[in-house]
Protein chains: 2
Amino acid sequence: MNIINTTENILAHFEKFIELSEKLKSELSQRIKPIQFKKGELVLDAKHICTKSYFINKGILRTYFIKNGKEISEYFSGTDEWVNSPKSFMQREKDIYYIDAIETTEAYFINVNDLVYLFDNFPEMERYARLSMGTVFGHFMERITSIRFTSAKERYIHFQKTYSNIYHRIPLGMVASYLGITQETLSRIRAEK
Amino acid sequence: MNIINTTENILAHFEKFIELSEKLKSELSQRIKPIQFKKGELVLDAKHICTKSYFINKGILRTYFIKNGKEISEYFSGTDEWVNSPKSFMQREKDIYYIDAIETTEAYFINVNDLVYLFDNFPEMERYARLSMGTVFGHFMERITSIRFTSAKERYIHFQKTYSNIYHRIPLGMVASYLGITQETLSRIRAEK
DNA sequence: GAAAAAATTTGACATATATCAAATAATTAT
DNA sequence: ATAATTATTTGATATATGTCAAATTTTTTC
């Protein structure tokens with residue numbers, strides 16, 4: 001299997017937003033590398049700056065932070081999604097977020113330096129970034145509304161919709177902290193019907 | 001006062017993120033136009049597609065939606081911020097958001113078509129969009145955390161910090177819906193100390 | 001496959017915030 | 001200025017969710 005081949009999925013993802021010239025395809029293929037994480041493995045420790053962005057092929061990564069000694073899940077990421085610690089990655093400074101693998105995960109990664117090179121030399125990469133960020137924006141707004149104005153039960157239902165492919169693979173405690181409720185409450189909600 | 005002059009502030013804003021060539025400056029100045037809103041005036045009605053993006057020079061705009069007949073404030077925007085209905089503006093479709101002026105507001109605006117022209121012809125505009133969106137990202141993440149894990153009082157304090165310049169100019173009811181609590185609760189929080 | 005560890009469920013009780021209703025206070029219009 | 005409207009405050013009570021503790025179930029390790 002050659003390099004071009006291993007990056008097929010991710011190139012297809014770019015092509016949802018922009019046209020890829022042969023030149024850019026080749027540059028991307030040279031800079032994007034495969035990586036694997038075992039279940040439970042730490043992908044990013046908050047004590048380090050995040051220098052890589054991961055694109056998931058298979059599996060689930062979780063972004064979380066620690067508050068009063070407890071892990072609070074910020075969000076979950078599945079197939080065809082980019083994962084990094086946004087502020088740390090873009091501004092090259094430490095931030096509060098950890099990333100770990102909820103299940104064994106196959107991903108690609110690109111180093112921030114390589115990404116910057118691509119931004120500097122391929123304007124269409126800037127466009128890709130703008131357009132793909134736009135989608136995430138809407139999700140954030142929906143989530144904010146969901147947290148503010150709905151009961152714990154409604155939030156759980158919203159979560160199931162948002163993560164329809166993967167919600168049943170995420171442990172209860174992690175879901176509870178994502179929803180901003182206690183494990184006990186979530187357990188009771190699940191038991192209801 | 002010539003056109004270049006009236007767009008001084010907003011050009012300065014762009015220059016925080018990218019260098020502006022004379023050519024781009026001139027294109028921007030031709031496409032960015034001043035506009036005024038009176039206190040209480042509707043800037044965008046959700047029954048229309050949002051075709052303009054506003055950059056505030058002075059005053060406050062509020063983005064809100066209607067749930068069960070009540071206005072729910074999504075966020076407030078002050079000096080040096082862009083305001084539009086994100087999904088509507090970018091995808092040229094209707095969305096749920098209204099925008100109104102909390103106080104008399106001076107702004108600039110640009111039409112979506114003009115912005116697209118600029119994106120297509122000035123790669124640095126794509127970069128500007130990517131970088132300026134990045135900042136907003138962090139705010140969303142902070143807000144999500146603020147809503148999930150803090151009491152109504154803590155959220156109000158967080159709100160005061162986030163909107164330190166303008167929070168005292170926003171009516172109580174609008175703040176309450178922004179925080180996801182009732183007016184009565186917010187009134188009691190304010191009365192406390 | 002038994003033992004240990006971790007995750008989930010269940011129970012009793014506490015509390016922050018919501019709801020509904022009414023009283024003031026502050027703005028806006030005549 | 002006065003009336004009318006709108007915004008804010010206050011009070012009494014209800015309810016969803018949290019907290020703490022223990023029991024059970026599931027998963028992991030040896």
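Me: By class, how many nonpolar, polar and charged residues does the surface near DNA strand C have?

Reply: Quick background: this is a predicted model, where local features need pLDDT of at least 70, side-chain atom pairs count only at pLDDT 80 or more, and totals for chains, interfaces and linings use all residues. Residues are numbered from 1 along each chain as its sequence is written, chains are lettered from A and ligands numbered from 1 in the order in which they are written, and side-chain values use heavy atoms, with hydrogens and water left out. A residue is near a strand if one of its heavy atoms lies within 4 Å of it; Ala, Val, Leu, Ile, Met, Phe, Trp, Tyr, Cys and Pro count as nonpolar, Asp, Glu, Lys and Arg as charged, and the others, Gly among them, as polar. Sorted that way, the surface near DNA strand C has five nonpolar, seven polar and five charged residues.

Me: Which element gives the largest share of the surface near DNA strand C?

Reply: Helices here are DSSP runs (H or I, at least four residues), numbered from the N terminus. α8 (172–179) and α9 (183–192) of chain A, along with α9 (183–192) of chain B, each supply at least two residues. The largest share, five residues, comes from α9(A).

Me: How far is a backbone N or O atom of Ala152(B) from a phosphate oxygen of DNA strand C?

Reply: Think of polar contacts here, meaning pairs of N or O atoms within 3.5 Å. Gly173(A) has a backbone N or O atom 3.2 Å from a phosphate oxygen of DNA strand C, and an N or O atom in the side chain of Thr182(B) is also 3.2 Å from one. For the backbone of Ala152(B), the distance is 2.7 Å.

Me: How far is the side chain of Thr185(A), by an N or O atom, from a phosphate oxygen of DNA strand D?

Reply: In Thr182(A), a side-chain N or O atom is 3.1 Å from a phosphate oxygen of DNA strand D. For the side chain of Thr185(A), the distance is 2.5 Å.

Methods:
Polar contact = N/O pair within 3.5 Å; in protein donor to acceptor, adjacent residues only side chain to side chain.
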